[in-house]
Amino acid sequence: MNSYLFRNVSVLGAAPTDLLIRDGVVAEAGAGLSAPDALVVEADGLVALPGLVDLHTHLREPGREDAETVETGSRSAALGGYTAVCAMANTSPVADTAGVVEQVWRLGREAGLVDVQPIGAVTVGLAGERLAELGAMADSAARVRIFSDDGHCVADPRLMRRALEYVKAFDGIIAQHAEEPRLTEGAQMHEGEVSTRLGLTGWPAVAEEAIIARDVLLAEHVGSRLHVCHVSTAGSVEVLRQAKARGVRVTAEVTPHHLLLTDVRAETYDPVFKVNPPLRTATDIAALRAALVDGVIDIVATDHAPHTVEDKECEWVYARPGMLGLETALSIALDVLGPEWDLIAERMSRAPARIAGLTEHGHDPAPGAPANLVLVDPAVRRVIEPAEMASRSRNTPYARMTLPGRIVATFLRGEATVLDGKAVK
Ligand SMILES: NC(=O)N[C@@H](CC(=O)O)C(=O)O
């Protein structure tokens with residue numbers, strides 16, 4: 001196993017120091033360290049952060065390996081500065097049994113680039129009719145703690161209540177894709193002025209807000225943990241703010257794209273901007289950014305949703321919703337928040353690790369901490385080139401945009417997964 005000596009690295013923006021990485025942990029910190037056996041990384045100008053943790057990644061395996069595999073998604077994650085990702089259950093077959101979650105978990109171990117923590121489906125086949133074998137998935141080698149039908153809403157309130165009750169026994173979480181399906185039939189984009197002008201069927205903000213309001217009440221009633229996926233509206237933020245003030249056990253995520261892009265992008269009719277929930281308005285963006293800063297929204301999660309050219313580069317109404325996110329998330333966070341390193345570490349590493357119970361992750365680089373960390377060069381501005389991405393898909397909404405920040409190196413348990421901005425394997 002290699003040892004690494006980072007020279008003159010700034011830990012979360014603090015004055016430069018040296019860090020020695022040995023045997024999978026941060027062994028020493030301080031000026032002028034020497035370790036003749038260690039590989040030296042000249043880190044002037046680089047910032048060390050705890051390795052990022054994504055609570056919401058679509059890896060597509062099993063079933064849609066033409067869009068992404070556990071391995072390509074893991075590489076994409078490592079290049080984005082991630083050391084752990086939670087893999088959503090909407091695969092084919094659906095991850096609704098111990099067998100499938102164990103398969104995904106094992107593929108993650110074999111790829112060895114990030115820790116892949118499978119999320120289990122709440123209902124069999126994501127069909128919203130009966131509960132999946134939550135207990136068996138929790139007891140499996142994959143030790144599933146988060147369950148989600150993401151892509152679909154658990155719309156039936158009785159089923160949602162049962163799911164919240166069931167996972168309470170092992171302090172599990174139901175992660176809800178909040179979308180009242182009766183209000184979004186045929187929806188193509190945010191319902192508002194732009195959808196009216198373009199003549200596309202709208203996805204109203206209230207379809208999200210109504211489910212979040214219902215679910216925080218259910219979570220409160222049951223005393224269980226609810227996580228809200230991809231919050232996208234100002235109204236949702238207000239519902240969450242009130243619920244948190246009452247002490248409801250609810251956490252929430254926002255995606256990078258909902259922090260940056262508005263529904264005006266649909267004017268191009270380029271389906272790369274089609275996503276679920278849809279891009280909203282500048283007012284929503286302002287509320288989401290403020291909530292991310294004040295903590296009503298706990299984390300940034302990518303909702304990395306790779307799709308093939310066939311599924312994406314077609315007419316808007318036929319295109320699948322979803323965008324790539326792993327390789328650009330930190331740059332978007334830097335763009336939106338500025339170099340607020342402690343806030344970025346909290347929202348993109350510590351808090352998601354805590355929520356998911358990934359105890360090896362989310363530790364600031366300090367002596368004794370597991371060496372799951374990332375080195376970022378904040379001074380670089382880079383042009384996003386889809387063809388250069390490690391994802392098997394190309395559906396990034398940031399193509400040819402110039403964004404701040406470059407991931408220079410990522411370390412998983414003390415071994416480099418990315419060095420000099422390139423994947424090690
Ligand atoms: N977020 C997306 O736009 N797409 C997701 C599922 C979904 O939420 O529709 C996907 O799996 O592609």
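In what order do the five strands of the open sheet come? The order is β9-β10-β13-β14-β15, with parallel pairing throughout the description of this sheet. Everything here comes from a predicted model, in which local features need pLDDT of at least 70 and side-chain atom pairs count only at pLDDT 80 or more, while totals for chains, interfaces and linings use all residues. Residues are numbered from 1 along each chain as its sequence is written.

A few working terms first. Helices (H or I, at least four residues) and strands (E, at least two) are DSSP runs, numbered from the N terminus. Two strands count as paired if DSSP finds at least two bridges between them.

Back to the five-stranded sheet: β9 (146–147) and β15 (299–300) sit at its edges, each pairing on one side only. Contact between two residues requires C-beta atoms, placed from the backbone, within 7 Å.

There is also an open sheet of three strands, ordered β6-β7-β8 and again described as parallel. Here the edge strands are β6 (52–57) and β8 (115–118), each with pairing on one side only. From one strand to the next, the twist averages 20 degrees. Four bridges connect β7 (residues 82–87) to β8 in the parallel sense, and Val 85 has Val 116 as its bridge partner in β8. Helix α2 (residues 98–111) packs on the sheet, touching β7 and β8, and its direction makes about 175 degrees with that of β8.

Now the domains, whose bounds come from an automatic or database domain assignment. Domain 1 covers 4–47 + 367–379 + 402–423, and domain 2 covers 50–356. Their C-alpha centres lie 30 Å apart. Across the interface, 17 residues of domain 1 are in contact with 21 residues of domain 2. On the domain 1 side, β16 (373–383), β17 (402–412) and β18 (415–419) each supply at least two residues, and β17 gives the largest share, six residues. That side holds twelve nonpolar, five polar and no charged residues (Ala, Val, Leu, Ile, Met, Phe, Trp, Tyr, Cys and Pro count as nonpolar, Asp, Glu, Lys and Arg as charged, and the others, Gly among them, as polar).

As for the ligand, the residues around it include His 58, Asp 150, His 177, Val 275 and Arg 320, where a residue qualifies if its C-beta atom, placed from the backbone, lies within 6 Å. By class, the shell divides into three nonpolar, six polar and three charged residues.

Val 275 turns up again among the contacts of His 257, which also touches Leu 279, Met 323 and Pro 397, not counting residues up to four places away in sequence. His 257 lies in helix α8 (residues 256–260) and counts as buried because it has 24 C-beta neighbours inside 10 Å. The cut-offs are 20 or more other C-beta atoms within 10 Å for buried, 12 or fewer for exposed, and partly exposed in between, with C-beta atoms placed from the backbone. Gly 357, in the loop between α12 (341–356) and β16, has 14 such neighbours and so counts as partly exposed.

Key: Axes are lines fitted to C-alpha atoms, for helices over the stretch in contact, and angles run from 0 to 180 degrees between N-to-C directions.
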